[in-house]
Amino acid sequence: MHAQPGDWLVVKGPWVDAPEQRGRILEVRSADGTPPYVVRWTADDHVSTVFPGPDAVVVTAEEEQAAEVRARTRFERVRQYLREEDGHVRVR
């Protein structure tokens, strides 16, 4: 797992259906981008040094931006669809 400051670290909860922990990586403590990382967690704004386990995922800034673009595009399509449906009100 390689990371750089600005990437997100996503860690699954310790039990089934537990929520994920998500935090922005502030600092990478190794020269090759592998753990440990200094992370600011979004849930409680806590900063901690972590050595994530095998279920952890690093989401790069580029991947996050691409996901935001996809989500925004889907939202705009749904909003346009609703506008079109609203324009075709049926009177009975």
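A nonpolar core is taken here as a set of buried Ala, Val, Leu, Ile, Met, Phe, Trp, Tyr and Cys residues joined through side-chain atoms within 4.5 Å, where buried means under 20% relative accessible area, exposed means over 50%, and partly exposed lies in between (1.4 Å probe, protein chains only). The structure is a predicted model, in which local features need pLDDT of at least 70 and side-chain atom pairs count only at pLDDT 80 or more, while totals for chains, interfaces and linings use all residues. Residues are numbered from 1 along each chain as its sequence is written, and side-chain values use heavy atoms, with hydrogens and water left out.

The largest nonpolar core has eleven residues in all, namely Ala3, Leu9, Val11, Ile25, Val28, Tyr37, Val39, Trp41, Val50, Ala56 and Val58. Strands β1, β2 and β3 each supply at least two residues of this core, and the largest share, three residues, comes from β3. Helices (H or I, at least four residues) and strands (E, at least two) are DSSP runs, numbered from the N terminus. In soluble globular proteins, nonpolar side chains tend to be buried together.

Strand β2 in turn pairs with strand β3 (residues 37-41) in the antiparallel sense over five bridges, with Ile25 standing opposite Val39 in β3.

When its neighbours within four places in sequence are left aside, Val58 is in contact (heavy atoms within 4.5 Å) with Met1, His2, Ala3, Asp7, Trp8, Leu9, Tyr37 and Glu63.

Asp32 lies in the loop between β2 and β3 and counts as partly exposed, at 47% relative accessibility; the C-alpha atoms of Asp32 and Gly6, 26 residues apart along the chain, are separated by 16 Å. Pro36 has its place in the loop between β2 and β3 as well, and a cis peptide bond, with omega of about 10°, joins Pro35 and Pro36. Asp45, in the loop between β3 and β4 (47-50), has a positive phi of about 60° although it is not a glycine. Most residues other than glycine have a negative phi, and most peptide bonds are trans.

A salt bridge is defined as a side-chain nitrogen of Lys or Arg within 4 Å of a carboxyl oxygen of Asp or Glu, and by this rule the count comes to three. In one of them, Arg29 is joined to Glu27, the closest N and O atoms being 2.9 Å apart; Arg29 is partly exposed at 48% relative accessibility, and Glu27 is partly exposed at 36%. Another links the side chains of Asp45 and Arg40 at 3.4 Å, N to O, where Arg40 is partly exposed at 34% relative accessibility. A further salt bridge, at 3.1 Å from N to O, joins the side chains of Glu76 and Arg79, both of which lie in helix α1, three residues apart, about one turn of the helix. Glu76 has a relative accessible area of 35% and is partly exposed, and Arg79 is likewise partly exposed, at 38% relative accessibility.

Patches are made of residues with over 30% relative accessible area and no salt bridge, like charges being joined within 9 Å and nonpolar side chains (Val, Leu, Ile, Met, Phe, Trp, Tyr) within 5 Å. Val78, Tyr81 and Leu82 form such a nonpolar patch on the surface, with about 310 Å² of accessible area together; accessible areas come from the Shrake-Rupley method with a 1.4 Å probe, and for residues only the protein chains shown count as cover. Tyr81 is found in helix α1 (residues 61-87) and is partly exposed, with a relative accessible area of 48%.

Technical notes: Pairing = 2+ DSSP bridges.
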